[in-house]
Each structure stands twice: as C-alpha cells, then as structure tokens.
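Trainee: Show me a new one, please, and let's talk it through.

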Amino acid sequence: MPALYAVRTYGCQMNVHDTEKVANLLHHAGFRPATDESEADLLLINTCSIREKAENRLYSDLGALREWKAAVPGRVLGVGGCVAQQEGDRVLRRFSHLDFVFGTHNLRLVPDMVEAAGLGERQTMTDEHRSLDRFDLPERHEAFAGTTPGRAFLTVMEGCDMFCTFCIVPRTRGREISRPAAGILGEARALAERGVREVTLLGQTVNAYGRHDLKRGRDAEAGTMAFGALLGELAATPGIERIRYTSPHPLFFDDALIQAHAAIPEVCPHVHLPLQSGSDRVLAAMRRRYTAAEYLAIVERLKRARPDIAITTDVIVGFPGETRADFEDTLAVMEAVEFADSYSFKYSPRPETAAAEMGGQIDPVEAQDRLATLQDLQRGLKLAGNRRCVGTETTILVEGQSARSAGADSAQQLRGRDPYHRVVNFTLPGELPAPAAGTLLELRIVEATPHSLIGERTEDRPGVKDPLRLVDGTTPASRESELPVS
Ligand code: 5AD
Ligand code: SF4
C-alpha cells in the first residue's frame, strides 16, 4: 500500500501552488493523498509569516501535533513555507517531534527529506537558490488534472526585490527571478490539453516579470520578455480562455499591460492592485515608490482601456506614524476607485523589517477602529458594485457546489466566478444534470447580495426544460469530485 500524505496550507496563492508542487513531487515518488490526517503517514505544514498571527499558527499547530506523531510509530512531520525559511533550524530545535524543515526554494528536496526522516535523520534545508532549475518540476501528475477543475496556477516569477518596509516577503522568498517564457508557455499548453480554461499567473510582483533581463538587454538570452508581451503569447494558447495574474505592483504597471486589458479578450477585466495606503506620507514611509495620484492615474488609464474593469486591492491600516488624516486619505482613494473588493489588515511588525524599528507604532485599539471603519466603507462599495450587475448577462466558470448547499437536498446549488472574479451562485432545475466544474456557462444576474451575485440560466422559465446552454459546447456531465489540494 502506498504511503499517504496530507498537507496543511496557510497563506497566499503562492503557498497554495507550492503545496500543489510538493503534492505533485510526492505523487511522482509514489505517495497518495490521505482522506484525513488521522490516516496519513506524512504530514506537511506549509506556513505563512506575512503577519504575526499567521506565524503563531504554526507554533500552536506543532504543539498540538505531538499527539499525532506519537500515535503511530514511523509517522513523519515536516514544515515548509515562509516561517520555515525565516526561522530555519530554530523550529527544528524547538520541536523535537518535527522531522524536517524545508525552505521556499527547496520544494524539490521534500521526497528525499521524507526518505531520510524514515532513517531517523532530522534536517533543515533552507538555502536560497538563484538558479532557474527551481522552475523545472516534473509535469503535473495526471491525478492533478482536477485539483481545481478548469483552472490552474502558473508560476511566472518568484521572489521580490522591492523591500517595502513592512514586508517580510523579500526575506522569505528571496530575490526576484523570472522563468523563461518557453517553460511558461509549454506548461500552459499542457494545462489546456487537460481541460484548463483559466490560468492565474503567479509572482510576488508578477508584472515585474522579465524587468531585470530587459534592463540589462539580456532578455533574448534569458528567454524572458515584458509582461504585457507574455500575456499576448499566453492568450494565443489554444484552449486558454481566461488569463488572470496576481499580484502586480503599481510601479510596473506600464502602457503595454494597460493595452493588454483593452486588446486581449482572454485577459480578464479584473486587476488586484495593492494600494496599501492612500497617504503619500505613509506610502513613502512604506517605500512603495508611488503616490496616491500615481495610483489613481493607473486606475484612470485602466478604466479608459476597459470601462467595465473591476479593481480589488490590499490595504494596511495602523502603519507606524499613520495619523487620522493619513487614514482618511486612504478612505478617499477607496471611494474614488470604488474598489470591487479589498483585503485589509492591521499593520503587524515583522522581524528584520525596517518598519518594525520605526517610532509612532499605533495603539492596537485605534488600529482596530480604523480597520472596522475601512471595512464598513468597503462593504458598501462592494454591495453597490454587485447591485450594478443585476440584469446583466455573464459567463461563469463553474467551480462546484455553492457554500450554501452543503445539504443533500439542494445538490443543484452551484457556484462559479464571472470574468470580474465575483462569486456567482446559481440554482439549476433539479431534473438537469449539473454542469461539470470547469465548465463555462452563461447566466443572467438576477440578484445582488453583500458577498456574491445570484444568477440564473437565461432560458430558465417555468416549464422550459431545454438542455444546458454551455458556452464551450461541451456536453453536460455530472460533477466530478474535486481533489483536495492537500
Ligand atoms: N502587516 C500587515 N499587513 C501586511 N501585508 C504585508 N505585510 C504586512 C504586515 N507586516 C499585507 C499587504 C500585502 C498583503 C498580502 O498582506 O497588504 O499586500
Ligand atoms: Fe512585500 Fe512589497 Fe514585495 Fe509586495 S512588493 S511582496 S508588499 S516587499
């Protein structure tokens, strides 16, 4: 019987995709996913350290896992991700039941580390590698065709050279490195052949893709190109119908990228563009390298290129020295942009970052108050945006059952995402087969809720029982089970 593994994944999409990469390596090494941690022989924790709370999560998990490890002799426990990179050997020394620690550049070593653990060896591997071979992973195992049916992440660059003063990522993910386009395009073709319709390009500063090579005039040699050009090449991949990317940095949002939104139909009309703050003083202290006016100018150009574009963002409140007036500047930018959605956070000091040493740390109660005010404003903006969709027709990529339909009696409650990345829930008449996850389907938006939209088939009228109208001409099939990431 093959050994069984499970992975707990915390943090961003990059981590989710790293877990997929590790799972793929383990599959090639003969492991299979456990249905539950209680039956796993190997348990990995893929950690996040973006804020202190995320980091603390690891320590409480590890404490609780002593029992898991002791329950069955031979069980192996490993820790990877950003906390592993940041803390390295310290985690191994602190938790005697932990077998190995692997950094963000060492995914490929995991199968070997598991084997060594079986022989009683405890080790930490957190060396940063600057070579391109980190992108040379085996092709996705066929068991992964359906990890997220119809959709897939695709790494285009890794690392970050920006060193925003609040952010630990340059320390946990290392220096910026862009993957040669041939590998990216080859992976996109392989994914499309397996039925992937939507790719999300990943990179810490994804639109900085190729910039170092271009600046040094060695892009041809490195096999990279400008990010806008890469989007054009990817859009030409047969079968790829939607392209998303995350997260761009405003500094690298050039005309070619804006034009890509106007000219390339496959590029989704959605941009997640982190703002962080609307105050120039705070932006300078964060070392973000743009002003609020420059950010607004990008939004303006995007809206001119693609008037229906949805813009989402990340915001930090309570950065050291942020005054009430600075905070109000942030609210003003949010209202001006009318963000479709935002992720907002209280500033959290991170080890070895410049901001952690700054004076003027904000009282946590005040920071909480600002967060609540900002989230209130965003709720209103989101609902207003959702209401503007009512009556429109859209195409959604079916993801599976909606959160509301966990019960057996409502099996036809489905969810998907529109091109703007909004969640659309819809119900199909019970007698129709459910469309497979990964199918593109046309719907009319009939209702807006604070968090999502409600759609219905354009032809769903009482008494009408015609087959599903699928945009891509595939036959309706009963929903395939979604393989969990871990
Ligand atoms: N404190 C709070 N939020 C942070 N982020 C990054 N570092 C910190 C920090 N130290 C937020 C930023 C970033 C998002 C992924 O997390 O908004 O865009
Ligand atoms: Fe962190 Fe700034 Fe790099 Fe984004 S651009 S990962 S916020 S340092």
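Trainee: Where does Phe 163 sit?
Mentor: Phe 163 is in the loop between β8 (157–158) and α6 (169–173). Helices (H or I, at least four residues) and strands (E, at least two) are DSSP runs, numbered from the N terminus. Residues count from 1 along each chain as its sequence is written, while chains are lettered from A and ligands numbered from 1 in written order. The model is predicted, so local features need pLDDT of at least 70, side-chain atom pairs count only at pLDDT 80 or more, and totals for chains, interfaces and linings use all residues; side-chain values use heavy atoms, with hydrogens and water left out.

Trainee: What's the phi of Phe 163?
Mentor: Near 50°, a positive value in a residue other than glycine. Most residues other than glycine have a negative phi, and most peptide bonds are trans.

Trainee: Which peptide bond is cis, then?
Mentor: The one from Thr 246 to Ser 247, with omega near -10°. Ser 247 belongs to the loop between β11 (242–246) and α11 (255–263).

Trainee: Back to Phe 163. What does ligand 2 have around it?
Mentor: Phe 163 is one of its neighbours, and the others include Cys 160, Cys 164, Phe 166, His 249 and Arg 288. A residue is near a molecule if one of its heavy atoms lies within 4 Å of it. The shell around ligand 2 divides into 8 nonpolar, 2 polar and 1 charged. Here Ala, Val, Leu, Ile, Met, Phe, Trp, Tyr, Cys and Pro count as nonpolar, Asp, Glu, Lys and Arg as charged, and the others, Gly among them, as polar.

Trainee: And how does the shell around ligand 1 split by class?
Mentor: That shell has 5 nonpolar, 2 polar and 4 charged residues. Among the residues around ligand 1 are Arg 51, Phe 166, Asp 314, Lys 346 and Ser 348.

Trainee: Which polar atoms lie close to a nitrogen atom of ligand 1?
Mentor: A polar backbone atom of Ser 348 is 2.8 Å from a nitrogen atom of ligand 1, and a polar backbone atom of Phe 166 is 3.0 Å from one. On the oxygen side, a polar side-chain atom of Arg 51 lies 3.0 Å from an oxygen atom of the ligand.

Trainee: How much of ligand 1 does the protein bury?
Mentor: Taken alone, ligand 1 exposes 400 Å², and the protein buries 87% of that. Those accessible areas come from the Shrake-Rupley method with a 1.4 Å probe.

Trainee: Which elements give two or more residues to the shell around ligand 1?
Mentor: Those are β13 (310–317) and β14 (341–346).

Methods:
Polar contact = N/O pair within 3.5 Å; in protein donor to acceptor, adjacent residues only side chain to side chain.
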